[in-house]
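Dear colleague,

Please find the structure below, followed by an account of what was found in it.

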Amino acid sequence: MSIYEQVLTFIHRPEHESFQRLALDIFRHQFEAVGAYRRYCEDRGVDPGAVRIVDDVPAVSNVAFKYADLAIDGAVRSAKAAIFLTSGTTQGRERRGRHIVARPEIYRASAIAHLRTMLFPDARRVAILAMHPTADVMPESSLAAMIGWCIEEFGTRTHLAAASRDRIDVEAATGFLADAEARPEPVCILGTTAAFAALFSELRSGGVKLRLAAGSRMMDTGGAKGQAVPMQASEVIGRAGELLGIAPAMVVNEYGMTELCSQLYDATAFNCPGVSNTNTQERFKIPPPWLRVTARDPVTLRPVPDGEIGLLTFFDLANVGSVSAVMTEDLGWIERGRVRVLGRATGRDARGCALAIGQFSATEAARRPGVTPERVEAPR
């Protein structure tokens, strides 16, 4: 069985006791097959044969995807590969990072399996309103691909993608929801925080309050681009109840990024029986079994104990064709496998991530004569 088949098997039938073994096999595979990652590991003096636990696998910053093609050699030329671009830049040169996904079917399997657990635990097909373009309009967007798969897997014949590259069609979205209310038919609404802000503004300006059918739900993917004052996740939950009649437990915030093939979702009473969400500002997120999340000390980059704040770092088995160990600039803490995301690190808290970015930039520049390494300063 190939390493890719092993990952697909794990996604479909997770076995906690085999995660560590498979993760280390994937690391060794990536060390051999991903040239840029191998050079990064060698520059750090890492011998893959000496790495015994997944927490010791060298993680690259998510910003490193701007500097090199972190995928198995040759994947970028494969007709089967998907190439996803980040929505913007976080620091350094003004260019977008890209994640070359050699086996998109693994990304799909990961996305659908965890969506089924966290957004469709009732195994119900519903009408779907997407307030984000689908892949036919925006093929470079990993979110667009995931939304399209969600419609195919969980939607009825009643669905609408009310967005283009340039705008959200709030009028069409409002009409779709009004029709669903009249039938009545439960709806799943998928979109970014900015898209929901536009929808809520339209409803409020028109004095419209809808009461969607029981079982309606919303997935908030974050993203505040275009908002002068970004809405918080708790505000999305509140306005969804006020203007659409969607219960708080049915509004689920997603945490994901272009550089990962797996996502985390809010734990609510809908998808995690026994969970209480009376305080919508303090929700934990649940990763799938094939995604290990650690919080790391921003200086030593070693994992910190449960309950302590650190830089969130991921090992994603579904990233098997690129790099699985990815460190972010986000702060959070872990509690019994659940993740509390606090937001972007600033100042000295981001030091470890900045050092990793600088080291990766220097490693890649060193192999290209005439290229000057980008200067990335560690915050003080």
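A123 lies in the loop between α4 and β4; helices (H or I, at least four residues) and strands (E, at least two) are DSSP runs, numbered from the N terminus. The model is a predicted one, in which local features need pLDDT of at least 70 and side-chain atom pairs count only at pLDDT 80 or more, while totals for chains, interfaces and linings use all residues. Residues are numbered from 1 along each chain as its sequence is written, and side-chain values use heavy atoms, with hydrogens and water left out.

Backbone features

The phi of A123 is near 55°, a positive value in a residue other than glycine. A123 is exposed, with a relative accessible area of 73%; buried means under 20% relative accessible area, exposed over 50%, and partly exposed in between (1.4 Å probe, protein chains only). A positive phi is also found at R336, where the value is near 50°. R336 lies in the loop between β13 (325–335) and β14 (338–344), and at 66% relative accessibility it counts as exposed. The peptide bond from R183 to P184 is cis, with omega near -15°; P184 is in the loop between α6 (170–182) and β6 (187–191). For context, most residues other than glycine have a negative phi, and most peptide bonds are trans.

In α1 (residues 3–12), the buried residues are I3, Y4, V7, L8, F10 and I11. They cover an arc of only 160° around the axis, which puts them on the same side of α1; the arc is that of the directions from the helix axis to the C-beta atoms. Their cover includes α2 (19–33) and α4 (104–118).

The helices α1 and α2 pack at an angle of about 150°, with their axes 11 Å apart. Axes are lines fitted to C-alpha atoms, for helices over the stretch in contact, and angles run from 0 to 180 degrees between N-to-C directions. The two helices are therefore roughly antiparallel to each other (under 35 degrees counts as roughly parallel, over 145 as roughly antiparallel, 65 to 115 as roughly perpendicular and the rest as oblique). On the α1 side, the contact is made by I3, Y4, Q6, V7 and F10, and on the α2 side by F19, R21, L22, D25, I26 and H29; contact means heavy atoms within 4.5 Å.

Nonpolar cores

The largest nonpolar core has 92 residues, and those with the most contacts inside it are Y37, V57, Y107, L115, F314, F315 and L317. Such a core is a set of buried Ala, Val, Leu, Ile, Met, Phe, Trp, Tyr and Cys residues joined through side-chain atoms within 4.5 Å. A second, separate core of 30 residues includes L129, I189, A195 and A197.

H132 and I147

H132 is found in the loop between β4 (126–131) and α5 (142–154), and at 11% relative accessibility it counts as buried. Not counting residues up to four places away in sequence, H132 touches M138, S141, L143, A144, I147, A161, A163, L190 and T192. I147 belongs to helix α5 and is buried, with a relative accessible area of 1%. With the same exclusion of sequence neighbours up to four places away, I147 touches A130, H132, T134 and L190. The C-alpha atoms of I147 and L129, 18 residues apart along the chain, are separated by 9.9 Å.

Yours sincerely
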